[in-house]
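Subject: Structure handover

Hello,

Here is the structure for your files. My notes on what was found follow below it.

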Amino acid sequence: MPSIVRTFTTRIGNHPALSARAALESRVERELYAALRTGRKFTGDLAVSFYQQFGISAKTLDGIHRQLKAQLDAISELAKLRVAELDVRTAALRRKIADAERFCRATDGERRRRLRFSLHQHRRRLATLQARQIQARQRIDNPNICFGTRKLFNAQHHLAANGFDDHKDWLRAWRSARDSQFFIEGDARQIGGNQFARLKGSEEGTFSLELRLPEAAGIWSESDMLLGGHVVRAAYFTGLHFEHGAAEIRDALAGGKPLSYRFRRDDGGQWFVSIMLRQEFDEPAIAGFANGCLGVDLNADHIALTLVDAFGNPLTTIKDAPGSPMMKRRIELVTYGKTSAQRLDMIRKAAAEIAAFADRLGVPVAAEKLDFKRKRAELETQNGKKRARMLSSFAYSSFAEALARVCVRRSVRLVLVNPAYTSIIGLVKFAPRYGSSVHAAAALAIARRAMALSERLPASGGGIQVLLASGDRVTLPRPARIARRHVWSSWSQLSRGLSAVHEGRRWARRWARSDGAGGLATSRDRRTGFG
């Protein structure tokens, strides 16, 4: 049965116990991190020394260690993605340098002087990227954490520019940032799903929370309870109201499921509590493709959707829903210039619209399984700085996560396919046949791939005609079909041929816009780095 982790947040009253526990656990985490950095292992001797030094329980220390390990693993994984992104960017820059060197040898005069200066800057940029590659590879095996964020740490060197009166003012903000949150892991074996935080519902629809405190927190609680012969200090919070998720929390409490809690203080000093629980959903009612499939093609400024029938043919209307819109849909998703919260809201609404549409039609959703860091780096190198700004503002991974979660919640099957050559398949095979856009045709190719349908090259007597974005048509030689070789090998040859056409046209435009072999570089050349 599919399940997802859901988080519900509400405001909680300020209490000295929250700041005291956050400060204690933050200090333990930093001390544990320092001990692990020296090469010590989290074994019995190290754990006992922490029990004695900080007066915390084994359960609390184990939870802190797991959280710390998860942070280090996440930093290591992010470093791997960073290395992959830098590999793409350095490879593209090397190609750019090689092209510029070849172009420099074919020119002379003032234009050659400008190209040499541009080459020098490109080589400097390449050295910078290579240094970043080395640092990123080091972080894979040796991840490090700056508690309180590096941005705030570096702010001490420019106090006035960052709004601090003096170093003491910065130090207060620094300590507050380091001690602003703590996490309590859930345990299904405990009453209420947690050993240290107990949530109870009331008939009025609100909740009350009991937060148990370690003795080392140094806070006298509102009540000292005698439990197992020991005094247990606890703080109580009443009247908690959740705008969303109250029913899910009550079901989790009734079902004995583990509940994890994260307490966080915002910049205004207000505390919030987030409750995390795992919720199970029904299996997708439509497991196959008897009703068709909905293909999704993700782009930097919109999402293209194409609905196909059980045979892989695109549909234009729904027979049982008169007046319904066309089945080749486009969801606008321009996130450039938006805040992170606005971008996330737009992405979640787009994902919810896709899942609701598929649920109403009773079809699975097919999307690409993208390596988003690499994809963004490739598009950035291919489309220039203006397009790169739009791409950098788009949270690809957030869309993938949002689509997966909303499909689980609606019991809609989500099929992730390999994205190889879906764009050129749509451009060459389906866009001319159905008169659709390239992106709608790519969504069609994605849906057909999910259904395991044919991806053969279109039949043609001679070469294969391709319509370019400029409106021109080019004819490429049809790749020879080699027995026992995958059909993608033919699409790979065709893709390389089309790339060569685009590159040749770009060089022709640059040469035509220059004033002969020794003319000055145009503004377009300077923007692209060849002037």
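Is D99 buried or exposed? At 18% relative accessibility, D99 counts as buried, where buried means under 20% relative accessible area, exposed over 50%, and partly exposed in between (1.4 Å probe, protein chains only).

Before the rest, the ground rules. This is a predicted model, in which local features need pLDDT of at least 70 and side-chain atom pairs count only at pLDDT 80 or more, while totals for chains, interfaces and linings use all residues. Residues are numbered from 1 along each chain as its sequence is written, and side-chain values use heavy atoms, with hydrogens and water left out.

Salt bridges

The structure holds 20 salt bridges, each being a side-chain nitrogen of Lys or Arg within 4 Å of a carboxyl oxygen of Asp or Glu. D99 takes part in one with R102, with the closest N and O atoms 2.7 Å apart. Because they are 3 residues apart in helix α3 (residues 58-105), R102 and D99 are separated by about one helical turn. Helices (H or I, at least four residues) and strands (E, at least two) are DSSP runs, numbered from the N terminus. R102 is partly exposed, at a relative accessible area of 44%.

E248 pairs with R6, the closest N and O atoms being 3.5 Å apart. This pair links distant parts of the chain: E248 is in helix α7 (residues 246-254) and R6 in strand β1 (residues 3-12), 242 residues apart. E248 counts as partly exposed at 22% relative accessibility, and R6 as buried at 12%.

R30 forms a salt bridge with D179, again with closest N and O atoms 3.5 Å apart. R30 sits in helix α1 (residues 16-37) and D179 in the loop between α6 (167-178) and β2 (181-184), 149 residues apart. D179 is buried, with a relative accessible area of 17%.

D309 lies in the loop between β10 (302-308) and β11 (328-332). D309 is buried yet has no salt bridge, and the nearest side chain of opposite charge, R448, is 7.0 Å away (Lys and Arg count as positive, Asp and Glu as negative; His and the chain ends are not counted). A polar atom of the D309 side chain lies 3.0 Å from the backbone nitrogen of G312, and the D309 side chain reaches the backbone nitrogen of N313 at 2.8 Å.

Chain and cores

The chain has 14 helices and 15 strands. Of its 531 residues, 42% count as buried. The largest nonpolar core has 29 residues, of which C293, V428, V466, W491, L494 and L498 touch the most other members. Such a core is a set of buried Ala, Val, Leu, Ile, Met, Phe, Trp, Tyr and Cys residues joined through side-chain atoms within 4.5 Å. Elements that each supply at least two residues of this core include α11 (422-434), α12 (438-450) and α13 (488-513). Apart from this core lies another of 27 residues, among them L18, F196, I249 and F263.

One more buried residue

V412 lies in the loop between α10 (396-409) and β13 and is buried, with a relative accessible area of 8%. V412 and D359 are 53 residues apart in sequence and 6.2 Å apart in space, C-alpha to C-alpha.

Regards

Methods. Polar contact = N/O pair within 3.5 Å; in protein donor to acceptor, adjacent residues only side chain to side chain.
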